[in-house]
Amino acid sequence: MLAAENLSLTRGGVQVVTGISATLAPGQITAIVGPNGAGKSSLLLALAGLLAPTSGRAALDGADLAAMPPRQRAQAIGYLPQVPDIAWDVAVENLVTLGRLPWRDRGTAAVEAAIAALALEPLRRRPASRLSGGERARVLLARVLAGEPRWILADEPLAALDLAHQLSLIAHFKTCAQAGQGVAVVLHDLALAMNHADRVLVLDAKGDGGRLESTVVADGPPATALSPDVIGRVWGVAAHWLGQPGARALVSGNPQASGV
Amino acid sequence: MNRANLVFAALLAVLLPLSLLAGRVWINPFDVAGGGVANAALILAELRLPRAVLAIVVGAGLGAAGAAMQGYLRNPLADPGLFGIAPMAALGAVASFWLGAIIPPAWAGWSLPLLALIGAGTGMAALALIAGRTSSDGASGFGGGAGGGIALFTLAGLMIASLAGALTALAITLAPNPFALSEIVMWLNGALTDRSWREAAIAAPLVAAGIAVLGLAARSLDALTLGEEAARSMGLDPGRLLGLLVVGVGLTVGAGVAVAGIIGFVGLVVPHLVRPLTDRLPSSLIGPSALAGACLVLAADSILRILPLVTELRLGIALSLIGAPFFLWLLIRMRRGSL
């Protein structure tokens with residue numbers, strides 16, 4: 001279990017999250033959604049043990065992440081940052097191997113498995129500068145998978161991807177969850193959360209000026225956590241869902257007006 | 001990694017004997033072997049060899065420090081001078097010219113490198129202090145706030161460099177006598193002329209220790225390839241990395257300046273020569289950059305020695321003359337996106 005326990009966070013001297021509690025379960029995909037500035041990325045960073053809370057704690061199987069040796073934490077929790085940021089023109093194979101750093105080994109089997117899982121074999125020797133955006137996203141996810149973490153935390157991994165790449169990356173997250181890994185992703189696209197997450201955590205920030213109180217306003221299966229009522233309250237947008245479960249589309253506007 | 005190490009080790013193995021034979025007086029290897037010319041052995045053992053060893057030591061330190069700094073700042077335009085340690089060491093050395101009158105003659109040979117090392121140490125301590133202050137409010141070393149700890153720390157290093165530079169300029173304008181003035185100015189443009197085994201003995205162990213410390217940072221620098229947050233998620237300890245870098249760069253650059261004065265551009269340029277021969281990860285660069293730095297300084301110093309000039313061109317000036325155009329070419333290439 002990966003848990004936020006009454007967590008409060010500050011970034012750059014500004015309170016961004018106040019008193020959030022949530023427990024993530026392994027074997028499922030948890031989508032963290034909310035408006036801009038709701039504290040989604042900060043919560044994810046804290047759950048990854050990369051942002052120390054000002055009060056409360058983030059805990060892995062009951063152990064405080066802040067007190068855990070960095071390597072032990074890194075072996076358990078893989079974190080995929082939002083911005084694909086590769087400083088050197090390193091070949092795909094070597095980038096994926098970086099995922100073994102927490103283990104201090106070459107981890108050949110794990111690296112090969114990650115390369116195979118994300119179909120990177122043909123790109124193996126290609127330098128980072130010659131990858132497309134979608135390819136880069138696959139490589140960086142493969143880097144996380146190569147570390148064989150029990151938890152995969154990804155900050156908007158689908159934001160800059162085309163439809164096909166979004167679906168292919170989601171399929172990888174699903175495979176990971178089926179294999180028993182816990183997956184938490186910050187998403188902006190509510191339809192992706194609705195159709196593919198097992199559970200949705202909706203964050204919202206209320207307050208003024210320097211003190212924002214970010215809270216969990218809904219938590220549960222997508223159909224209930226992302227009901228039109230919640231979307232109306234949190235985003236201030238009148239919207240409703242069309243289509244069948246698993247293939248829903250979000251349409252803004254009044255249901256009566258659009259004839260549903 | 002092995003390939004780059006081999007290439008530059010082989011190059012060094014070729015350059016070293018050539019450098020020993022080259023100079024105002026060319027030495028015929030058969031003279032020395034046959035014992036024909038007594039002077040030849042003397043020139044080799046007391047002049048050329050210590051100078052070559054010094055060139056290798058200083059160049060290796062600058063090369064390794066440059067590779068580590070570029071890895072740390074994730075920027076191919078970074079230079080070991082950015083930490084401000086070289087200017088601090090230079091300030092210490094300049095102080096020794098000022099104190100020349102009150103230093104006992106027996107100490108005279110040691111006072112300059114010693115004071116330069118004290119300057120470098122002061123610079124390192126200031127950096128450590130700033131690092132402690134800037135990371136104490138943040139969650140974990142890099143600060144986590146806007147801008148990030150690395151950028152803030154680099155600015156602090158630049159301020160130290162600028163302060164040390166201003167104090168050095170002040171020391172020059174207020175020089176006690178014209179002789180000291182010219183000594184200071186000459187010395188600031190690094191050179192390896194008139195050095196002995198004493199300087200080599202001072203610098204070699206410090207530079208070797210510094211390179212070893214930078215080697216300990218290699219894996220953490222690799223992690224930084226994917227950004228600060230990804231690196232920390234892979235278990236990077238930012239405080240430890242910063243400590244290793246300050247000590248490693250302080251030892252290599254500080255010891256280099258203490259015995260040779262300021263030699264620019266080596267740390268900036270060398271990693272670029274090495275990178276195409278490696279997998280481009282910082283850890284693969286440190287060793288080969290040390291070897292390539294040694295090659296570059298040794299070759300440059302040897303060429304200066306045989307140039308038909310009235311007075312020998314200072315090594316620091318010569319390397320800047322080569323380095324600045326190279327740097328411009330690098331910038332143009334980066335604009336084209338082919339770096």
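Helices here are DSSP runs of H or I with at least four residues, numbered from the N terminus. By that numbering, Thr193(B) falls in the loop that joins α7 (178–188) to α8 (197–216) in chain B. The model is a predicted one, and local features such as this need a pLDDT of at least 70.

Although Thr193(B) sits in a loop, the residue is buried, with a relative accessible area of 17%. The cut-off for buried is under 20%, so a value of 17% qualifies. Leaving aside residues up to four places away in sequence, Thr193(B) touches Arg51(B), Glu312(B) and Arg314(B).

The next topic is the interface between the two chains. In chain B, 26 residues are in contact with 28 residues of chain A. Together the two chains bury about 2300 Å², and carbon and sulfur atoms account for 62% of this area. Of the area that chain B buries against chain A, 26% comes from Leu226(B), Ser233(B) and Met234(B), more than from any other three residues.

A salt bridge links the side chains of Arg74(B) and Asp85(A), with an N to O distance of 3.1 Å.

On the side of chain B that touches chain A, at least two residues each are supplied by α3 (38–73), α9 (218–224) and α10 (228–233). The helix that gives the most is α10(B), with 4 residues. By residue type, this side of chain B divides into 8 nonpolar, 10 polar and 8 charged residues.

The C-alpha trace of chain A spans about 55 × 45 × 30 Å along its principal axes.

Two further values describe the packing of chain A. Of its 260 residues, 53% are buried. Among contacts in chain A with a separation of 6 or more, 66% are between residues 24 or more positions apart.

Key: Residues are numbered from 1 along each chain as its sequence is written. Chains are lettered from A and ligands numbered from 1 in the order in which they are written. This is a predicted model: local features need pLDDT of at least 70, side-chain atom pairs count only at pLDDT 80 or more; totals for chains, interfaces and linings use all residues. Side-chain values use heavy atoms; hydrogens and water are left out. Contact means heavy atoms within 4.5 Å. Buried area is the accessible area (1.4 Å probe) that two parts lose on being put together, summed over both. A salt bridge is a side-chain nitrogen of Lys or Arg within 4 Å of a carboxyl oxygen of Asp or Glu. Ala, Val, Leu, Ile, Met, Phe, Trp, Tyr, Cys and Pro count as nonpolar, Asp, Glu, Lys and Arg as charged, and the others, Gly among them, as polar. Buried means under 20% relative accessible area, exposed over 50%, partly exposed in between (1.4 Å probe, protein chains only).
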